[in-house]
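Let's take a walk through this model together, going from helix packing to charged pairs. Have the viewer open and follow along.

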Amino acid sequence: MDGLVDGGPRDQVVAVADDLFFTHGVHAVTMQRIRSEAGVPLKKLYGMFPSKDVLLAASLERRDRIARSAIAERAEKCDDPVERALAVFDFLDEWFRQPGFHGCVFAGAFGEGSAAAPVVVSAVRAHKQGLRELVTALVAGTGVRDADAVGAQLAVLVDGAMAVATFTGDTDAARHARQAARAVLDTALRG
């Protein structure tokens, strides 16, 4: 996923931390390493982010914005409403196949013990809720009767594909989830 950096020191630190967390994992990355890579004094770093959990939450919020924006852009390229709703799976398929794919950073952050940090839990939940809302909005564009229910079903398939790709390395997970999502949409459109 590409970065959204406006060039300010805070945004630069978040971008560096995001890259390090995604590449190496949360526990492996220290605030000193982030300071060194971002080129800011440790005192300034802690002035911007009083703890690693606060910085991790900012990193997750950044990644959420990037991911949802990229998914929405991908969907906008589709003329057919059903294909637009399924575009999230095409996005995931490309992402899973990128060199350096290390899995879902949200699952990683949550699973590496940061689940005990309310600020991290809040960022993970906001991402999952925002993703569900995006998927539901795309589903609503197909004209199904109960877009909320169908959107929730597709969101589960999105999360399932991410979990399978993250934990097993199965790069076909998004393709399998797409087929299931297509069946869900076809059934909902017929009903």
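Angles between axes under 35 degrees count as roughly parallel, over 145 as roughly antiparallel, 65 to 115 as roughly perpendicular, and the rest as oblique. The axes themselves are lines fitted to C-alpha atoms, for helices over the stretch in contact, and the angles run from 0 to 180 degrees between N-to-C directions. Helices (H or I, at least four residues) and strands (E, at least two) are DSSP runs, numbered from the N terminus. A word on the source: this is a predicted model, in which local features need pLDDT of at least 70 and side-chain atom pairs count only at pLDDT 80 or more, while totals for chains, interfaces and linings use all residues. Residues are numbered from 1 along each chain as its sequence is written, and side-chain values use heavy atoms, with hydrogens and water left out.

Start with H5 and helix H8 (residues 147-168), whose axes come within 11 Å and cross at roughly 5°. The two helices are therefore roughly parallel to each other. On the H5 side, Ala85, Val88, Phe89, Leu92, Trp95 and Phe96 make the contact (heavy atoms within 4.5 Å). Their partners in H8 are Leu154, Leu157, Val158, Ala161, Met162 and Ala165. Sorted by type, the residues of this contact are 12 nonpolar, no polar and no charged; here Ala, Val, Leu, Ile, Met, Phe, Trp, Tyr, Cys and Pro count as nonpolar, Asp, Glu, Lys and Arg as charged, and the others, Gly among them, as polar.

How do H5 and H9 cross? Helix H5 (residues 81-96) and helix H9 (residues 173-190) have axes that come within 9 Å and cross at roughly 170°, so this pair is roughly antiparallel. Among the residues in contact are Val82, Glu83, Leu86 and Asp90 of H5 and Ala174, Arg178, Arg182 and Leu185 of H9. The contact of H5 with H9 divides into 12 nonpolar, no polar and six charged residues.

Some of those charges pair up in salt bridges (a side-chain nitrogen of Lys or Arg within 4 Å of a carboxyl oxygen of Asp or Glu), of which the structure holds 13. One of them joins the side chains of Arg178 and Asp90, at 2.8 Å from N to O. Since Arg178 lies in H9 and Asp90 in H5, the pair ties together parts that are 88 residues apart in sequence. Is Asp90 buried or exposed? With 19% relative accessibility, Asp90 counts as buried, the classes being buried under 20% relative accessible area, exposed over 50% and partly exposed in between (1.4 Å probe, protein chains only).

Asp186 is partly exposed at 26% relative accessible area, and Arg182 is partly exposed at 32%. Through shared partners, salt bridges join Glu83, Asp90, Arg178, Arg182 and Asp186 into one network.

Finally, look at helix H2 (residues 31-38), where Met31, Ile34 and Ala38 are buried. They cover an arc of only 60° around the axis (taken from the directions from the helix axis to the C-beta atoms), which puts them on the same side of H2. The buried residues of H2 pack against helix H1 (9-24), helix H3 (42-48) and helix H4 (52-76). Just after H2, Gly39 takes a positive phi of about 70°.
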